[in-house]
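Here is a short note on the pockets and on one strand residue. Please read it beside the model.

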Amino acid sequence: MKMNKMKAMVMAAGMGSRLEPITLVMPKPLISIMNIPIMDIILSQLKEIGVEDIISNTYYLSNQIVERYKSNDLGINFNYIKEDKLSGTAGGVKKCQYFFDAGEDFIVMSGDILTTADLKKGIEIHKNSGAIATIGVKEIPHDLVSNFGVVVTDEKGYIKEFQEKPAVEEAKSNLINTGIYIFNYKIFDYIPENTFYDFAKNVFPKLLEEGQINTFTVSEYWNDIGTISQYKQSVQDVFNGVCQIKHGNITKTNLGSYVCGNSKLPNNLRVLGNNVIGNNCKIGEYVTLKSCIVLDNAEIKPGSELDNCIVLPVQQTSFASGNVSLEKDIVVTA
């Protein structure tokens, strides 16, 4: 099935407050997994299925996203808008209406998800259904449903009810909304211009009444990089082979393993567990890293012992965590 003419949108406007302090220095879509920004991974996945024309709505730290992708080597034509103020999930898509072709289907993905979802399968199911909207849904353990938007489907896979982060005992399903959407251009008829509008609260209820929301199941890997713990979990999932994406070589030692960018590492560095070391990092002598993520340009003082930390550079900032104090860096241990 050829999809060369299909277009896509990656939503990239959010502030990512639950990922602070990482998002104090970079927007959420540029947070890296194995030294690859999440948005790089998403754009590459879209390119692999023939989608080359992609737009993003940007707002928070917009310039970082624009600078990275306006000229890129990913083989995609990157377009963008800059929002003056946040306009909601649906409102942001509405502002990109001019980019899409009347009568055609298109993909919308959240810019903060790590997934190996079969997008081709989702598109095929959408086209065969004739629905205005098709949402990727995933089955998760029932005790985790209170963290997500839950969907209840009928026997044909059409959504008949939404529950937004229900209590475990009130959840009617363990299927959740993955933030992967395939829409027909008709979706824009349901979103007013210049209005803060949300898909879950404002658009989907109306489509639900009309029986116009289909689903496709994401049986492959999916994780929402929404919190520090989810971010760490995704990195470990790649190391452990639970999530399979392209990344740099993993170097194994007798005690652990690591992926490293272009940073020069001292011979006496000790690594335990699975670690990621970014580009242009300065790591002192006799440092011990255990299950850490060291982001680009971070500095670690000689003799530091870091356990389950995320290290990121922040100019003129110092932060102490336990017995660790790193000048110019924040250490996140949550």
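This is a predicted model: local features need pLDDT of at least 70, side-chain atom pairs count only at pLDDT 80 or more; totals for chains, interfaces and linings use all residues.

1. Residues are numbered from 1 along each chain as its sequence is written, and side-chain values use heavy atoms, leaving out hydrogens and water.

2. The largest pocket has a volume of about 1400 Å³. A pocket here is an open set of points on a 1 Å grid over the protein atoms alone, where a 1.4 Å probe fits, with protein on both sides within 12 Å along at least five of seven lines. Volume is the space filled by probe spheres set on the points.

3. Its lining comprises 43 residues, where lining means an atom within 4 Å of a point. Lys-28, Thr-89, Ser-110, Asp-112 and Asp-198 lie nearest the centre of the largest pocket. Elements giving two or more residues to this lining include β1 (7-12), α3 (88-94) and β11 (175-184).

4. The second largest pocket holds about 400 Å³ of space. It is lined by 16 residues, with Met-26, Leu-30, Pro-37, Arg-68 and Asp-296 closest to its centre. β3 (36-37) and α2 (62-69) each give two or more residues to that lining.

5. Thr-288 lies in strand β18 (residues 288-290); strands are DSSP runs of E, at least two residues, and helices runs of H or I, at least four. Thr-288 counts as buried because its relative accessibility is 12%, and buried means under 20% (1.4 Å probe, protein chains only).

6. Thr-288 and Glu-305 are 17 residues apart in sequence, yet 4.6 Å apart C-alpha to C-alpha. Beyond its neighbours within four places in sequence, Thr-288 is in contact (heavy atoms within 4.5 Å) with Arg-270, Leu-272, Ser-304, Glu-305 and Leu-306.

Terms used. Buried means under 20% relative accessible area, exposed over 50%, partly exposed in between (1.4 Å probe, protein chains only).
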